[in-house]
Amino acid sequence: MDESQLIAGIQEGDRKSFQILVEKYQGMVVNTCFSVVHNRADAEDISQDVFLEIYRNAASFRGESKISTWLYRIAMNRSLNFVRNKKRKGFFQTIEDTFKGGRNRNTEISENRSDQPDRNLTDQQRADLLHRAIDRLPEKQRTAFTLNKYEELPYLQIAEIMDISLASVETLIHRAKKNLQLQLYDCYQKKCV
Amino acid sequence: MKCKAKHIDLISYLDNELLGEKKSQLEKHLEECADCRGFLAFLKDEMKVIENEKNQELNPFYFTRLSAKIEQPIGFTPERSWIRLAQPAFFTLVLFLGIYGGIRVGSIVNTDRFAQPDSASIQLLNDFDSEPIESFLLSEL
């Protein structure tokens with residue numbers, strides 16, 4: 001089934017076409033969300049919202065771009081919105097977690113460690129350091145860098161997803177790398193890891 | 001200063017994006033500078049984090065969960081529905097408690113000591129009525 005047939009099937013409400021789409025792009029969408037939110041459970045939840053949006057708004061897809069471009073765009077927007085809302089909700093989130101007896105950052109870190117028992121403490125510290133450095137990048141730099149590094153997308157495709165020029169993508173990635181190395185050098189000098 | 005300028009190129013060097021003259025200049029600098037070599041190794045280890053995280057394990061029940069979400073009515077999130085009620089109720093309660101607390105604190109403060117002294121005590125201090133100024137002046141004369 002090619003892309004146009006898949007979309008046509010989803011537009012008609014064919015659940016099988018939707019399942020094929022999900023199985024084809026599940027990994028890509030989850031990875032993209034994870035590269036922004038750095039948490040597996042949240043990445044999975046957000047990726048499911050992405051597919052839900054595709055399912056409910058399939059009629060609005062005009063076929064001018066590839067399905068993958070559409071998916072990347074929705075995944076990045078939802079992930080960045082999630083991060084923004086999380087920052088804004090700081091205090092309320094603490095209350096919610098208290099009532100729900102639910103997840104907090106510390107338990108999630110320990111869950112991630114237990115999933116990868118061979119990953120020692122230094123590796124986790126390294127990962128946390130890099131995530132913090134990426135999180136501090138301006139949004140557009142972060143988007144371009146994440147798509148280039150985690151998804152290994154060419155600059156042209158990133159330009160299409162972000163709806164900017166190729167030159168802008170090059171500038172964003174160059175600045176992102178510069179900012180990252182400044183933050184990492186600061187940590188290197190202070191011997192953070 | 002020279003090292004700082006080289007640092008900018010290090011991530012690009014790791015990505016094999018540095019070519020020609022710039023690459024050879026950087027490699028020559030790395031042979032001479034232990035700090036930059038150390039930082040390069042540090043960056044290399046950091047970038048490995050991205051390599052390790054690139055392929056997340058897929059949940060085998062992913063589509064089952066997704067199908068369940070499709071069946072739910074739009075906008076319904078059972079986990080969050082009670083929170084939408086609890087949050088405004090909580091803040092209304094805090095507001096009323098604050099107003100009530102303020103009223104209680106205000107009523108506890110004793111305002112009696114700020115009350116005007118009664119006229120009898122003022123009368124003893126103020127002998128104007130009992131001894132008018134005219135009689136005083138006349139007596140002086």
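Mentor: Buried area is the accessible area, taken with a 1.4 Å probe, that two parts lose on being put together, summed over both. The model here is predicted, and the term is needed for its two chains. Chain A and chain B bury about 4,400 Å² between them.

Trainee: What makes up that area between chain A and chain B, by kind of atom?

Mentor: Carbon and sulfur atoms account for 60% of it. On the chain A side, A:Gln48, A:Gln181 and A:Tyr188 supply 15% of what chain A buries against chain B, more than any other three residues.

Trainee: How many residues does each chain bring to the contact?

Mentor: Chain A brings 45 residues and chain B brings 39. Contact means heavy atoms within 4.5 Å, so a residue is counted on that distance.

Trainee: Why is the pair A:Glu44 and B:Arg65 called a salt bridge?

Mentor: The rule asks for a side-chain nitrogen of Lys or Arg within 4 Å of a carboxyl oxygen of Asp or Glu. For A:Glu44 and B:Arg65 the distance from N to O is 2.8 Å, so the pair meets the rule. Between chain A and chain B the count is eight salt bridges, and over all chains the structure holds 16.

Trainee: What is the secondary structure of chain B?

Mentor: Chain B has seven helices and zero strands. Of its 141 residues, 22% count as buried. The accessible surface of chain B comes to about 10,900 Å², with 61% of that belonging to carbon and sulfur atoms.

Trainee: Why is B:Leu26 called buried?

Mentor: Its relative accessible area is 1%, and the limit is under 20%, so B:Leu26 is buried. B:Leu26 belongs to helix α2 (residues 20-32) of chain B. From B:Leu26 to B:Leu10 is 16 residues in sequence and 8.2 Å in space, C-alpha to C-alpha.

Trainee: What makes A:Asp135 and A:Arg142 a salt bridge?

Mentor: Their closest N and O atoms are 2.9 Å apart and the cut-off is within 4 Å, so the pair qualifies. The two partners fall in separate classes of accessibility. A:Asp135 has 30%, which lies between 20% and 50%, so the residue is partly exposed. A:Arg142 has 4% and therefore counts as buried.

Trainee: Why does the salt bridge of B:Asp15 and A:Lys149 count as joining two chains?

Mentor: The side chains of B:Asp15 and A:Lys149 meet at 2.7 Å, N to O. B:Asp15 lies in the loop between α1 (2-14) and α2 of chain B, and A:Lys149 lies in helix α8 of chain A, so the pair joins two chains. B:Asp15 has a relative accessible area of 22% and is therefore partly exposed, while A:Lys149 has 14% and is therefore buried.

Trainee: How do you know that B:Lys22 forms a salt bridge with B:Asp9?

Mentor: The closest N and O atoms of B:Lys22 and B:Asp9 are 3.9 Å apart, which is within 4 Å, so the pair counts. The pair links distant parts of the chain, with B:Lys22 in helix α2 of chain B and B:Asp9 in helix α1 of chain B, 13 residues apart. At 47% relative accessibility B:Lys22 is partly exposed, and at 14% B:Asp9 is buried.

Trainee: Which residues do salt bridges that share partners join into one network?

Mentor: That network holds A:Lys149, A:Lys177, B:Asp15 and B:Glu17.

Technical notes. Residues numbered from 1 in each chain as written. Chains lettered and ligands numbered in written order. Predicted model: local features only at pLDDT ≥ 70, side-chain atom pairs only at ≥ 80, totals over all residues. Heavy atoms only, no water. Helix = DSSP H or I, 4+ residues; strand = E, 2+ residues; numbered from the N terminus. Buried < 20%, exposed > 50% of the residue type's maximum accessible area, 1.4 Å probe, protein only. Areas by Shrake-Rupley, 256 points an atom, 1.4 Å probe, with all protein chains shown as cover.
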